[in-house]
Amino acid sequence: MFEYAPAPESRSVVDIKPSYGLFVDGAFVDPASGGSFKSVNPASEEVLAEIAEAGADDVDRAVRAARTAYEKVWGPMPGRDRAKYLFRIARLIQERSRELAVLESLDNGKPIKESRDVDLPLVAAHFFYYAGWADKLPHAGFGPDPKPLGVAAQVIPWNFPLLMLAWKIAPALAAGNTVVLKPAETTPLTALLFAEICQQADLPAGVVNIVTGAGDTGRALVEHPGVDKVAFTGSTEVGRAIARSVAGTRKKLTLELGGKAANIVFDDAPIDQAVEGIVNGIFFNQGHVCCAGSRLLVQESVADRVLESLKRRMAQLRVGDPLDKNTDIGAINSAEQLTRIRELSDAGSAEGAERWSPPCELPERGFWFAPTIFTGVTQAHRIAREEIFGPVLSVLTFRTPAEAVEKANNTPYGLSAGIWTDKGSRILWLADRLRAGVVWANTFNKFDPTSPFGGYKESGYGREGGRHGLEGYLNV
Amino acid sequence: MRTIRGMTATTTSARSDLSELGRSETALRTFLHGLPGVDQVGAEQRAAQLGTRSIKTTAKAEAIDLAIRMVDLTTLEGADTPGKVRALAAKALRPDPADPSCPHVGAVCVYPSMVPYVAEVLRGSGVHLASVATAFPSGQAPLEIKLADVRAAVEAGADEIDMVINRGAFLSGRYAEVYDEIVATKEACGDAHLKVILETGELATYDNVRRASWLAMLAGGDFIKTSTGKVPVAATLPVTLVMLEAVRDFRAATGRQVGVKPAGGIKTTKDAIKYLVMVNETVGADWLSPDWFRFGASSLLNDLLMQRTKLTTGVYAGPDYFTLD
């Protein structure tokens, strides 16, 4: 046997402070109430830092700072000058990418190979991409002189903390808005390091404000009368509440919510690559991906063969220390999420689906869940309908292309889908019929700043990324 | 009963089905074209991913020794002489004269005319003697001459024969011709092991590589090998990945295990370790032995020795501390 020795990335590259304040008006400040919470490493349950909890007063202060910066500095600034700041931030992110990647893996639990090779390169690419738009807005297709909205309230999830920050902040700033961003309470650390990068880049005070806290902080932010735009990525349940709270106001809203994507494998698919795509679709980032390919729809005539290959491949997945460079699957982000994954998986077994995981030893401390597949799943099972947001795949079969379309679309969600076939005409036929914002063909979970991303139906509305991503931050 | 895609087993076992394939051009074509396709982007991405594994300390030491044992130390030059190949054979036996714990390589690979000189040195050592035959590297000679080439090499002492397939026939779709040549060569080998060189650089697509791999295995090859080293594109990680998948699926279908030999262009320890990781995670431990995986290389060995010394002593020794043979 060829055993890989531990290959840990050094955590000494990042300096975590014992406590962090709120980033308001260009400086770190203590919250008015003095409240705080802890951010833990989900792989060890070790407390990483004490984080300030922003109350309504703090949110108000941040929104005012953003308003002043918008009116006095950022709004009037020519696009070419805004671009300089964004380019500078992008370069600083690249320079400090190792530090940011290690911090992301510590706080989130995702494997270092993903934070290093996927998250960070995409974060920098997003800032570079939108920096390029800042002085070209008249050419974006939204009229000769599109105007920003003002102050954007942005609430982001814990699955891709820094990447979601980039998706929100880069287009907002490029379009001329200022922002108040609330990172998720379990993963605030990279957002706070990003605040330091804003200082390092000499970004004018108040253009970016970061308020940390949980649901109450988020509610205070999106309901604040001083914000002109609300952007949210997270669960459909919270998205609904936000849509209700901003209804009837002037606030522009974009929502990027849950998903239950179908990954459709036809009998003429390149099987070995399709199996890689299935694995990447559901086990990438522990399945904490809104566009995860959590429903495998496989043509019945090749189902046995695909499942056999899939199981063999899953046995190669290395679960463990997120900082080990050879880890494929890291820790579940929180105890709460682990409970939800367990509950839905138990429901899958109880409803009669067959559960399988490869033999794999899980660490004793921390939050862990072995990669799991359920076979014999039907459309009526909870695990085929509800978003699990974990490394759990539901396998269904189909007989004809029409049945594949029917089953793929038979979900309240519509964020993404995957098609695996050697036949180009079938890809085009199917992509036209899938009600999903992103359709991948012979690949999965591919992201690029130039490509718009967003959902149909209960997966939300508005698009992020690409030229389309500017629309949500312009008064059009 | 197993089923193979493009060919459903209807008789008692898949094994008998596959052995029938070579009898007709149509059956071969139907089978080979019924194999699942290879998505180029996906295969290259998977190979690149495996290349990011971080192999350190004890794992690296084990990998280096394993890689040394898998080297087919090769010289295939017009300028090869008895003196040159004797020196190479001596190095194969004791790659690092300063360190008796260093293992010997897997085999020495030379032209048929050089086999007798190498055989004298290697006799009884456990190091195999491979010879390229069948009008290497182009394979463009009448079959009788190719077979005579093989017999001569075996008689002179080669216990492994590296043959080239008829790429012209393969690319023009004359699969039965390629098949028959391999079968005839295998017969001419007698007890010697047959490695079938696909020359993947000339096959150009991964679909072709997969088909040629199956064709070579169906015809009785003991090993499938990527390249002659004589065309611009030699072994690559994605090509080797596709071949590893083929030997894995072939064993699942027939029960017979076939070895894999990437050859040409593998020059560094880092590269060699990437291949070993790929073997480990694609076909598993059963193939992690010189009996089932080889590197066709010459300069690779000195880099492996240099890294091996670095691991034991903590410092890099200059190139003059390693023999040039």
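A residue is called buried here if 20 or more other C-beta atoms, placed from the backbone, lie within 10 Å of its own, exposed if 12 or fewer do, and partly exposed in between. By this rule, buried residues make up 52% of the 325 residues in chain B. The model is a predicted one, in which local features need pLDDT of at least 70 and side-chain atom pairs count only at pLDDT 80 or more, while totals for chains, interfaces and linings use all residues. Residues are numbered from 1 along each chain as its sequence is written, and chains are lettered from A and ligands numbered from 1 in the order in which they are written.

For 325 residues a compact globule would have a value near 20 Å, and chain B, with 19 Å, agrees. Chain B holds 14 helices and eight strands, counted as DSSP runs (H or I, at least four residues, for helices; E, at least two, for strands) and numbered from the N terminus.

A nonpolar core is a set of buried Ala, Val, Leu, Ile, Met, Phe, Trp, Tyr and Cys residues joined through C-beta atoms within 7 Å. The largest such core has 105 residues, and B:A67 and B:V108 have the most contacts inside it. Helix 12 (residues 237-254) of chain B supplies the largest share of this core, 10 residues. A second, separate core of 89 residues includes A:A54, A:W158, A:L165 and A:V208.

Two residues are in contact if their C-beta atoms, placed from the backbone, lie within 7 Å. Where the chains meet, 24 residues of chain B and 19 residues of chain A take part in the contact. On the chain B side, helix 3 (40-50), helix 4 (57-70) and helix 13 (269-282) each give two or more residues, and helix 4 of chain B gives the most, with five.

Chain A is itself divided into domain 1 (11-257 + 456-471) and domain 2 (262-441), with bounds from an automatic or database domain assignment. The C-alpha centres of these two domains of chain A lie 30 Å apart. In chain A, 22 residues of domain 1 are in contact with 27 residues of domain 2. The elements giving two or more residues to the domain 1 side are helix 3 (97-108) and helix 4 (112-133) of chain A.

Conventions: Rg over C-alpha atoms; globule rule 2.2 N^0.38 Å.
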